[in-house]
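Hi,

Here is the structure I promised to pass on. Have a look at it first, and then read on for what turned up.

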Amino acid sequence: MSKSNTKLASRNKWMQRFISAPYVVWSIGFIVLPLLMIVFYGITTKDGRVTFDNLKMIFEPTNFSTLVLSVQLSLVSTLVCLLIAYPLALALRSLKLKSNGLVILMFMLPMWMNFLLRTIAWQNILEKNGVINMLLGAVGLPKLNIINTPAAIVLGMVYDFLPFMIIPIYNVLAKISDDVIQAAADLGANQFQILIRIIFPLSLPGVVSGLTMVFVPALTTFVISDILGGGKILLIGKVIEQKFKQGNDWNGGSGLSLVLMVFIFLCMAIVQKYDKDSEGSGVW
Amino acid sequence: MAADFAKGKESRPGQTEKNYMAQNNKLINLENVTKKYGSHVVLDDLNLYIRENEFLTLLGPSGCGKTTTLRIIGGFETPDTGRVIFDGQDISNVPPNKRQLNTVFQKYALFTHMTIAENIAFGLKIKKKSSQYIKDKIEYALKLVNLDGYGNRMPDSLSGGQQQRIAIARAIVNEPKVLLLDEPLGALDLKLRQDMQYELIRLKNELGITFVYVTHDQEEALTMSDTIVVMNQGYIQQIGTPQDIYNEPQNAFVADFIGDSNIIGGVMLEDHVVEILGAKFQCVDEGFGNNTPVDVVIRPEDVDLVEPEEGTIQGVVTSLIFKGVHYEMEVEANGFSWLVHSTDLSPVGKKVGIRVVPFDIQIMNKPESEDEEAVGVNE
């Protein structure tokens with residue numbers, strides 16, 4: 001009896017392995033190997049000697065200040081996204097829409113348009129002779145210098161990544177039952193206390209997801225700073241891109257990528273520490 | 001009679017002396033309360049008072065307006081017209097967090113991100129009580145609901161019955177004058193539900209506060225209540241003690257909703273004599289006039305099966321089911337299928353006589369309109 005059982009179990013095990021084989025191959029080929037290659041390039045020189053110079057490169061004054069600026073801009077963008085998305089998600093929740101699909105669609109729809117196209121559209125709006133300045137000129141106000149400033153980059157990031165903040169927060173908020181909110185009111189809490197003590201803590205997993213999903217792409221993007229920063233404002237993603245494409249320095253680029261990866265990993269670990277119940281957040 | 005309640009002339013027949021003494025102490029008074037959702041009238045000109053320290057149950061089928069009534073008292077709904085008076089003050093537009101009452105929700109509604117102790121402390125922290133006071137209260141409340149030592153657990157780790165007891169503890173630490181309970185035992189299984197009924201009665205007696213309880217379960221209502229308010233389709237059908245409601249239902253709806261009953265059309269020939277299915281029965285009712293059509297309610301346990309010649313009417317047993325405590329039989333007699341509960345067995349096919357003690361025959365006026373008839377039996 002037990003013998004045939006173990007036989008069956010081992011056969012099942014082999015079956016499972018067989019079925020998962022394509023995914024294992026895929027993961028190895030497209031995730032593990034590229035990662036290992038980056039690690040390899042990151043800790044070697046062009047002629048293959050092991051070195052930590054590529055990693056230390058982040059401490060060169062220009063690179064380091066670029067990293068600091070990148071972190072600053074993506075933090076600001078993430079924060080602005082949160083400040084816009086949270087009240088919006090709250091409002092959407094209180095609308096009590098019958099189908100969540102419509103809400104999701106509303107915010108997904110712009111994302112279906114090409115990311116580059118939308119960013120270039122902003123370029124046209126913000127330009128010296130763009131839409132905003134034309135309107136300002138028409139009513140006799142002085143022109144604004146928005147394009148090629150950090151503000152323009154933040155605006156681009158917020159616009160592009162806002163849906164990634166709204167959707168996870170809205171999903172969590174929509175699941176909070178009215179009974180729980182009414183129970184808090186019943187126990188004497190006013191609207192503000194309900195928001196701070198009940199709704200916000202319960203929505204934390206969504207907030208953490210949103211923070212991750214905005215902060216990480218914002219930190220590594222180079223397209224937005226390229227288009228809206230006019231190449232004048234260098235972000236860390238751009239530096240890495242330049243290493244690969246212009247400097248043909250794969251080792252340097254990989255080294256910086258590794259450092260950035262570890263940095264993001266640390267950031268996320270810190271955020272997640274404050275939300276033990278979070279069910280993993282997209283990126284990791 | 002139902003119409004009387006609807007028009008606001010509230011009376012409570014058959015009150016016990018104890019209740020009568022306390023009658024002046026109306027803690028909550030609903031005056032002419034109407035509530036509509038769109039064109040659907042949920043409550044129609046409802047009048048109801050709740051006395052201090054009573055266990056009052058709003059009983060009725062789903063959609064009868066009982067939960068809406070509770071939510072209006074709790075402040076989660078505002079009446080379209082009418083007033084809610086609490087302790088002499090109009091609180092119709094006072095938000096829930098400013099009312100001196102607390103609610104226990106059907107699905108517990110515990111705060112899942114807080115421990116049990118934090119859940120219980122929530123209301124007290126809002127009121128900025130001292131930490132020692134809060135600590136004592138948590139301990140007291142957990143003891144009261146027999147969950148001593150559960151303070152550091154998370155709500156998810158508790159069973160449904162335990163969660164509901166925590167929800168009760170969380171409400172009562174605030175020392176409300178009234179505790180509102182919205183089908184709190186609805187999600188529990190039968191055995192647990194029965195245990196919790198006794199638990200609630202004990203709590204009520206220990207706390208000495210008013211309980212307003214909503215349920216569709218007539219047994220729950222009969223077991224726990226001082227006063228039962230039977231509702232249907234936005235109207236109060238009858239208000240009374242459990243004994244009143246069970247023994248003297250005022251219309252066919254109440255008779256049918258509370259327990260099993262035989263509801264038979266009859267004619268009140270004169271005082272103390274009613275004609276049912278062509279036979280004359282003695283009863284104790286009077287004042288209906290002569291030859292008045294009435295509805296007669298006879299509870300199945302009040303039908304005595306005797307030898308055919310001893311019965312007022314004769315019939316044949318057509319079905320027999322063993323129910324544990326008693327047998328449930330159906331007896332076909334004079335064109336009506338009588339439901340009979342008895343501890344004595346009469347086999348199917350046996351000829352029997354039916355006899356009813358005069359005191360066990362309950363006479364009701366026929367509904368006055370078609371409209372009210374529709375309110376009746378088909379729930």
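To get you started: does Lys191(B) count as buried or exposed? At 54% relative accessibility, Lys191(B) counts as exposed. Before going further, please keep in mind that this is a predicted model.

Let me stay with that lysine for a moment. Lys191(B) forms a salt bridge with Asp195(B), and their closest N and O atoms are 3.2 Å apart. Both residues sit in helix α7 (residues 190-207) of chain B, four residues apart, which is about one turn of the helix. An α-helix has 3.6 residues a turn, so residues three or four places apart point the same way. Asp195(B), with a relative accessible area of 38%, is partly exposed.

Over all chains, the structure holds 22 salt bridges. One joins Glu31(B) to Arg83(B), with the closest N and O atoms 3.0 Å apart.

Over in chain A, Asp226(A), Lys238(A), Glu241(A) and Lys245(A) are linked in a network of salt bridges.

As for chain B overall, its secondary structure comes to 11 helices and 20 strands. Its C-alpha atoms fill a box of roughly 75 × 45 × 40 Å along the principal axes. Of the 379 residues in chain B, 53% are buried. Among its contacts between residues at least 6 apart in sequence, 67% join residues at least 24 apart.

What does α9(A) pack against?

- Helix α3 (residues 61-95) of chain A: the two axes come within 9 Å and cross at roughly 140 degrees. That makes α3(A) oblique to α9(A), and the crossing is right-handed. Residues in the contact include Leu75(A) and Leu82(A) of α3(A), and Phe200(A) and Val207(A) of α9(A). By class, the residues of this contact divide into 15 nonpolar, four polar and no charged.
- Helix α12 (residues 250-273) of chain A: here the axes come within 11 Å and cross at roughly 165 degrees. The two helices are therefore roughly antiparallel to each other, again with a right-handed crossing. Among the residues that meet are Leu211(A) and Phe215(A) in α9(A), and Phe263(A) and Ile264(A) in α12(A). This contact has 11 nonpolar, three polar and no charged residues.
- Gln193(A), Arg197(A) and Ile198(A) meet Phe122(B), Lys125(B) and Ile126(B). The contact of α9(A) with α4(B) has three nonpolar, one polar and two charged residues.

One more helix to look at is α8 (residues 178-186) of chain A, which is mostly covered, with seven of its nine residues buried. The buried ones include Val180(A), Ile181(A) and Asp186(A). The buried residues of α8(A) pack against α3 and α9 of chain A, together with α3 (66-74), β6 (101-104), α4 and α6 of chain B.

Over to you!

Terms used
Residues numbered from 1 in each chain as written. Chains lettered and ligands numbered in written order. Predicted model: local features only at pLDDT ≥ 70, side-chain atom pairs only at ≥ 80, totals over all residues. Heavy atoms only, no water. Contact = heavy atoms within 4.5 Å. Nonpolar A, V, L, I, M, F, W, Y, C, P; charged D, E, K, R; others polar. Salt bridge = Lys/Arg side-chain N within 4 Å of Asp/Glu carboxyl O. Buried < 20%, exposed > 50% of the residue type's maximum accessible area, 1.4 Å probe, protein only. Axes fitted to C-alpha atoms, helices over the stretch in contact; angles between N-to-C directions. Parallel < 35°, antiparallel > 145°, perpendicular 65-115°, else oblique. Left-handed = near helix turned anticlockwise from the far one by under 90°.
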